[in-house]
Amino acid sequence: MPLTVRGVRIDDTFAEAFGMRATAVIITADSAQWARQAAVTMTGFGTSVIGCGCEAGIDRELPPRETPDGRPGVRVLLFSVSTGELQKQLQSRVGQCVLTSPGSACYAGLKGEERLKLGNALRYFGDGWQISKRFAGKHYWRVPVMDGEFVCEATTGLTKQAVGGGNLIIMGRSTRATLAASEAAARAIAAVPDVIMPFPGGIARSGSKVGAKYKGMSASTNDAYCPTLRGAVKTALDADIASVLEIVIDGLSPQSVASAMRAGIAAVVRLGPGKGALRIGAGNYGGKLGPHHFHLKELVR
């Protein structure tokens, strides 16, 4: 039986999530604008491991007092299914998007159980002019570039305790109301540390199911939640639902994902069904895909 909280129906279901590998870096620059620009560029095309190789996003912006070099900064999280792919994505994204950005520097953003190459991989761009430095027990590389030097910590941490695929399915009577509820949830989740929402603005309209009728497709449209297919498929939608959006959440731990989902649900409930969503659900695969099950009813309490 669904639970109703302040007029919003909460499905008796759970979000099914799975283990991932994750890392973090801190990007700094002379201004908050340029630190964020480097971070936004680095996390672009990082929505899903299905097609992008990793899932990436901004965790939070950092004031100068919280960064290694006393400049404005941004903490970025990257998630992938294997250590090898995570190393590849980290190296290419920092090399192409941070090293190239004016005034940037890059530091480890996570301790982790293992280490990934950061400056140790990117130093070769210096073509022999790079300089190795050790300071306060840490190892850095100084790579000459045309506006000065790119300072980059040698390694950053890797955690195998990360979780991907936490999610909320938000349903409303109109596209405008559903988007308003989803935006409220995304804002609340953005304030939770150690999590990202990798899709545009934290919101996805193209929720997917595993498999497809076409060869070579590992995922396809989640027809049970498509309002325009209500009369043609076995629908999961009530008659009053005209629009559905999904928020996908990756976190450095199961606890961080649960906190993010709790914050998102609370934001939707606060907005209420008059201006926002009528119903909140979650995507799962019967418990067969991942070991982490986040039950919505437990997150409402």
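Visitor: Which residues is methionine 261 in contact with, leaving aside its neighbours within four places in sequence?
Guide: Methionine 261 is in contact with Ala15, Gly166, Asn167, Leu168, Ile249, Phe294, Leu296 and Leu299. Contact means heavy atoms within 4.5 Å. This is a predicted model, in which local features need pLDDT of at least 70 and side-chain atom pairs count only at pLDDT 80 or more, while totals for chains, interfaces and linings use all residues. Residues are numbered from 1 along each chain as its sequence is written, and side-chain values use heavy atoms, with hydrogens and water left out.

Visitor: Which residues touch the most other members of the largest nonpolar core?
Guide: Ile247, Ile249, Met261 and Phe294 do, in a core of 32 residues. A nonpolar core is a set of buried Ala, Val, Leu, Ile, Met, Phe, Trp, Tyr and Cys residues joined through side-chain atoms within 4.5 Å. Buried means under 20% relative accessible area, exposed over 50%, and partly exposed in between (1.4 Å probe, protein chains only).

Visitor: And which elements each supply at least two residues of this core?
Guide: They are strands S2 (8-10), S3 (14-28), S11 (155-172) and S15 (243-251), together with helices H5 (175-190), H6 (254-275) and H7 (296-300). H6 gives the most, with 7 residues. Helices (H or I, at least four residues) and strands (E, at least two) are DSSP runs, numbered from the N terminus. Apart from this core lies another, of 26 residues, among them Val25, Ala35, Ala39 and Leu158.

Visitor: Moving on, how many aromatic pairs does a search of the whole structure find?
Guide: The search finds 1 aromatic pair. The rings of tyrosine 107 and tyrosine 140 have centres 6.1 Å apart and planes at 80°, so the pair is edge-to-face. Rings of Phe, Tyr and Trp (its six-membered ring) pair if their centres lie within 6.5 Å; planes under 30 degrees apart count as stacked, over 60 as edge-to-face and the rest as tilted.

Visitor: Where do tyrosine 107 and tyrosine 140 lie?
Guide: Tyrosine 107 is in strand S6 and tyrosine 140 in strand S9, so the pair ties together parts 33 residues apart in sequence. Both tyrosines are buried.

Visitor: How do S9 and S10 pair, parallel or antiparallel?
Guide: Strand S9 (residues 138-145) pairs with S10 in the antiparallel sense over 6 bridges. Two strands pair if DSSP finds at least two bridges between them. A hairpin of 2 residues joins S9 to S10, and proline 144 stands opposite glutamate 149 in S10. S10 (residues 148-153) also runs parallel to S6 (residues 105-108), joined by 2 bridges; there alanine 105 faces valine 151.

Visitor: Now arginine 115: why does it count as partly exposed?
Guide: Arginine 115 counts as partly exposed because its relative accessibility is 43%. This residue is in strand S7 (residues 114-117).

Visitor: What joins the side chains of arginine 115 and threonine 155?
Guide: A polar contact of 3.1 Å joins them. A polar contact is a pair of N or O atoms within 3.5 Å; within protein, one must be able to donate a hydrogen and the other to accept it, and residues adjacent in sequence count only if both atoms are side-chain atoms. A polar atom of the arginine 115 side chain also lies 3.0 Å from the backbone oxygen of lysine 111.

Visitor: Is serine 80 buried or exposed?
Guide: Serine 80 counts as buried, at 1% relative accessibility. Its side chain reaches the backbone oxygen of glycine 53 at 2.9 Å.
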